[in-house]
Amino acid sequence: MKLEEIFQAYNDYIMPTYTKVPLVFVKGKGSKLWDIHNKAYLDFFPGWGVGSLGHCHPKVMQAVRDQVSKLIFIPNNYYHIPQAKLAREIVYWSYPAKVFFCNSGAEANEGAFKLARKFGQGRYEIITFENSFHGRTLAAVAATGQKKYQEGFSPMPEGFKAVKFNDIAAVENAVNDKTVAIMLELVQGEGGINVAGKDFVLALKKICSEKKLLLIVDEVQTGIGRTGKLFAYQHYGVTPDIMTLAKALGGGLPIGAMVVRKEIADTLGPGMHASTFGGGPVISRAALAVLKAIQEEKVLKNVNLMGEYLVAKLDALKGRCSVVKEVRGLGLMVGLELNIEGKAIVDKCIKKGLLVNCTHAKVLRLMPALNVSKKEIDKAIAILNEVLKGVNIQ
Ligand SMILES: *Cc1c(COP(=O)(O)O)cnc(C)c1O
C-alpha cells in the first residue's frame, strides 16, 4: 500500500476514535522504531505502556513462535500448561492469590468491580480518585475520576465515587455503609504522573482493614517493573486485596489479569465470570517470557539506575528551561510538567525522531523501555533540550 492509500483506508474504514500522528511504522527493535520511509525513531513511550521490554524482544518472539507451532488456542473449560505456569509465576512474585485472565486493563477492572459487588453482599460503592484512569468500558469509565471520559455517555453505572487523590480525610468522609472497596493507581498515569504518598496508602489500608473494604490497586500501567519493583504496591509495604494487570504483561500481545488475594478468590465461582480468550496458550507463553526476561536480564536494577539518571537529567533540564515546571515519577514512569500545553512540544520531538506522549494537557510522559540504555537517555535528553530551550513563557 502507498502512503496515501493507507491514510485513505483509515479515513474510509476505521472509526475515528483516535487522535492520530501521521506516521506509519513497519519495524521495531528495542527502543527503536522505523517508519515506512525507513526513518528511525527513538521510542520513549513504547506501545503506550505496553512495550516495557522494547519492541520485539527476542525471548518473547521465540516463545510465541514456538507456541504458535504447537497449539494456538484452547478454551477455558479445558486445561493447558502455559496458563498454569503463568498464574503460578505471577503469584510467586506477588502475594498468595488466584488469578483470573482476560484481555485488557478495562476488563481486568470490570472483573474487580464484579468481585467487589459479590463480596459486598449489598454493599456496592467503590471509592476512586480524581484524575484516575481505569479504562473505557462503561463501568471503567464510571470509575475513572475524570469527567471528560464520561461526557455523552450518561447515565453512568452507579456505585462509584471519585474523591481527591492523596487526601485521606476525603476518603474518610466518603466511606459509608454502602462502601465495599477503595480503588487506586499508585502512580496515576493518564492523570499526569501523580505518585501516591506512602502515608496515604498506609492510611487507606488501615481504613480498608477497619471497615472490611477491599483495596483494589490498578497496576495496569505501573505493573511489571515500570516503577522499579515488579509491582508498584511493593514500594508501599501494603498488600492489595485485588491487583489488576494488563499493558506490559504480554510483551506486546493483549492480556489482562486480576490477581485476587487467596482468602477471597473463591468469591466468584463457576459461571459467574468468564473470558473466551483470557489466558490462552500463546499469550500466556508471551507473558511467561516477559517475566523470565525481567529476572534474567536484571531489568529492575536497570529501571532503578536509569530512572534516577533520567530524572537527574530532567532536573538539570528544568534548571535551563523556564518552560519546565516540575519533574516527578517513580522508576521509569516519569512526568515532565510544563507551563504550557504539551502538544506542540510532542510534535517537535517527533520531527526530531523522539516519540513521547503528553497527558493531562501539560505533562510530557516519558516511559521508555525498561531496558533503555544511558546512551538512549542522553539522546532523548539532547532532543528535549533542543526543543524546550527555544520555548519561552510570557
Ligand atoms: C491503560 C489503562 C487501563 C485500561 O487498559 P486497556 O487495556 O486499554 O483496557 C486501565 N487502567 C490504567 C491505570 C491504565 O493505564
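A polar side-chain atom of Lys247 lies 2.7 Å from an oxygen atom of the ligand. A polar contact of this kind is a pair of N or O atoms within 3.5 Å; within protein, one atom must be able to donate a hydrogen and the other to accept it, and residues adjacent in sequence count only if both atoms are side-chain atoms. The model is predicted: local features need pLDDT of at least 70, side-chain atom pairs count only at pLDDT 80 or more, and totals for chains, interfaces and linings use all residues. Residues are numbered from 1 along each chain as its sequence is written, and side-chain values use heavy atoms, with hydrogens and water left out.

## The ligand and its surroundings

| Residue | Atom of the residue | Atom of the ligand | Distance |
|---|---|---|---|
| Gln221 | N or O atom in the side chain | oxygen | 2.7 Å |
| Phe133 | polar backbone atom | nitrogen | 3.3 Å |

Taken alone, the ligand exposes 380 Å², and the protein buries 82% of that. Such accessible areas come from the Shrake-Rupley method with a 1.4 Å probe; for residues, only the protein chains shown count as cover. The residues around the ligand include Ser104, Gly105, Ala106, Asn109, Phe133, His134, Gly135 and Glu185, as well as Asp218, Val220, Gln221 and Lys247. Helix H4 (residues 105-120) gives the most to the shell, with 3 residues. Helices (H or I, at least four residues) and strands (E, at least two) are DSSP runs, numbered from the N terminus.

## Aromatic pairs

Phe133 also takes part in an aromatic pair with Tyr149. How many aromatic pairs does a search of the whole structure find? The search finds 11. Rings of Phe, Tyr and Trp (its six-membered ring) pair if their centres lie within 6.5 Å; planes under 30 degrees apart count as stacked, over 60 as edge-to-face and the rest as tilted.

The ring centres of Tyr95 and Tyr233 are 5.6 Å apart and the planes stand at 80°, so this pair is edge-to-face. It links distant parts of the chain, 138 residues apart: Tyr95 is in the loop between helix H3 (81-93) and strand S4 (97-102), and Tyr233 is in the loop between strand S10 (214-218) and strand S11 (242-245). Both Tyr95 and Tyr233 are buried. Buried means under 20% relative accessible area, exposed means over 50%, and partly exposed lies in between (1.4 Å probe, protein chains only). Together with Phe231, Tyr95 and Tyr233 form one aromatic cluster.

The pair of Phe133 and Tyr149 is edge-to-face as well, at 5.2 Å centre to centre and 65° between the planes. Phe133 lies in the loop between strand S5 (125-129) and helix H5 (138-143), and Tyr149 in the loop between H5 and strand S6 (160-163), so the pair ties together parts that are 16 residues apart in sequence. Phe133 and Tyr149 are both buried.

## Charges over rings

The charged end of Lys374 sits over the ring of Tyr309, 4.9 Å from its centre. A charge sits over a ring if NZ of Lys or CZ of Arg is within 6 Å of the ring centre and within 35 degrees of the ring normal. The charged end of Arg365 sits over the ring of Trp48, 5.8 Å from its centre.

## Backbone features

Trp48 lies in the loop between strand S3 (40-43) and helix H2 (58-68). Its phi is near 60°, a positive value in a residue other than glycine. Is Trp48 buried, partly exposed or exposed? Because its relative accessibility is 47%, Trp48 counts as partly exposed.

His360, in the loop between S16 and strand S17 (363-366), also has a positive phi, near 55°. With 31% relative accessibility, His360 counts as partly exposed. A cis peptide bond joins Ser154 and Pro155, with omega about 0°. Pro155 lies in the loop between H5 and S6.

## Confidence

The chain averages a pLDDT of 97, and 99% of the residues score at least 70. Here pLDDT is the predictor's confidence in each residue, from 0 to 100. Among the elements of the chain, strand S16 (residues 357-359) has the lowest mean pLDDT (96) and S10 the highest (99). Where pLDDT is low, the predicted coordinates should not be read in detail.

How values were computed
Near = heavy atom within 4 Å.
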